[in-house]
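Visitor: I would like a guided tour of this fold. Please take it one question at a time.

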Amino acid sequence: MNLVARHVNKKIKNCIILHDVNLELEKGKIYAFVGENGSGKSMLLRALSGMMKIDCGEVIYNNKVIHKDIVSLPSVGIVMENIGLYPNLSSFKNLSVLSKINKTIGKKEIMESIKRVGLDPIDQLPFDKFSLGMKQRLIIAQAIMERPEVIMLDEPTNTLDDQGVSLIRQIILEEKARGALILITSHISEDIRLLADQFFTVNNGCIENGV
């Protein structure tokens with residue numbers, strides 16, 4: 001299982017978002033992408049996942065070209081801003097609704113995922129009453145609940161306290177051990193450098209090997 005980007009380019013309103021991106025990513029590894037806000041990190045994940053069409057180049061997953069052979073990554077969990085969770089539903093009901101899309105997991109897996117991120121699956125508190133840290137934990141739970149082949153985490157430790165950061169780092173390492181291909185972005189290199197098998201810097205849409 002691998003994910004490859006070949007000469008990927010993207011412009012929005014004549015602004016270069018991604019410039020000649022070339023990557024070869026393998027399962028069972030963690031790849032970190034660090035750059036300032038607006039550098040292109042989030043757009044990179046959108047392009048690699050198939051959420052965003054690119055202008056030229058190719059994104060290839062297991063020898064299948066995204067937006068040609070397949071619409072998007074077939075097995076992916078994503079943590080990204082504006083992930084669509086329902087404000088009036090509890091943690092369990094939110095993930096139950098999402099689980100009906102692929103129909104690959106049931107109540108047991110949903111409850112286990114909520115517990116893994118340190119939340120109570122029985123709690124009926126609606127999502128819009130969660131603290132920012134609780135919201136981020138549930139967003140991470142929805143990304144891992146179906147045991148996806150690829151996990152993309154855009155600033156996953158945002159709004160988390162020290163205990164939450166430690167817990168999420170442990171979950172990331174567990175998912176790597178399971179064999180998932182993991183991409184993490186952050187604007188703080190220390191946040192994810194220790195987790196990464198390979199480290200990249202992102203600057204004005206260009207991706208370079210980090211030091």
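Guide: This is a predicted model. We start inside a sheet: L153 has I184 in strand 8 as its bridge partner.

Visitor: How many bridges join strand 7 to strand 8?
Guide: Strand 7 covers residues 150–154, and strand 8 covers residues 181–186. The two run parallel. L153 and I184 are bridge partners here. The number of bridges joining strand 7 to strand 8 is five.

Visitor: Which strands are the edge strands of that open sheet of six strands?
Guide: The sheet has mixed pairing, in the order 6-7-8-3-9-10. An edge strand pairs on one side only.

Visitor: What is the average twist from one strand to the next?
Guide: The open sheet has six strands, with the order 6-7-8-3-9-10. From one strand to the next, the twist averages 20 degrees.

Visitor: Which strands does helix 5 touch as it packs on the sheet, and what angle does its direction make with that of strand 8?
Guide: Helix 5 touches strand 3 (30–34), strand 7 and strand 8. Helix 4 also packs on the sheet, touching strand 6 and strand 7, and its direction makes about 170 degrees with that of strand 6. For helix 5 and strand 8, the angle is about 150 degrees.

Visitor: Is helix 4 roughly parallel or roughly antiparallel to helix 5?
Guide: The axes of helix 4 (residues 132–144) and helix 5 (residues 162–178) come within 12 Å. They cross at roughly 5 degrees. Angles under 35 degrees count as roughly parallel. So helix 4 and helix 5 are roughly parallel.

Visitor: How many charged residues are in the contact of helix 4 with helix 5?
Guide: Helix 4 brings R137, I140 and I144. Helix 5 meets them with Q163, G164, L167, I168, I171 and E175. By class, five residues are nonpolar and two are polar, while the number of charged residues is two.

Visitor: Why do the buried residues of helix 3 line one face of the helix?
Guide: Helix 3 (residues 107–116) buries I110, S113 and I114. On the other side, K108 and K115 are exposed. The buried residues line one face because, seen down the helix 3 axis, they fall within an arc of 100 degrees.

Visitor: Which helices do the buried residues of helix 3 pack against?
Guide: The residues in question are I110, S113 and I114. Just after helix 3, G118 takes a positive phi of about 85 degrees. The packing partners are helix 2 (91–102) and helix 4.

Visitor: What is the strand order of the open sheet of four strands?
Guide: Its pairing is antiparallel. The edge strands are strand 2 (15–26) and strand 5 (64–65). Strand 1 pairs with strand 4 over five bridges, and A5 has V59 as its partner. The order is 2-1-4-5.

Visitor: At what angle to strand 2 does helix 1 run?
Guide: In helix 1 (residues 41–49), the buried residues include L44, L45 and L48. Just after helix 1, G50 takes a positive phi of about 95 degrees. Helix 1 lies across strand 1, strand 2 and strand 4 (56–61). Its angle to strand 2 is about 60 degrees.

Technical notes
Residues numbered from 1 in each chain as written. Predicted model: local features only at pLDDT ≥ 70, side-chain atom pairs only at ≥ 80, totals over all residues. Heavy atoms only, no water. Axes fitted to C-alpha atoms, helices over the stretch in contact; angles between N-to-C directions. Parallel < 35°, antiparallel > 145°, perpendicular 65-115°, else oblique. Contact = heavy atoms within 4.5 Å. Nonpolar A, V, L, I, M, F, W, Y, C, P; charged D, E, K, R; others polar. Buried < 20%, exposed > 50% of the residue type's maximum accessible area, 1.4 Å probe, protein only. Arc of directions from axis to C-beta. Pairing = 2+ DSSP bridges.
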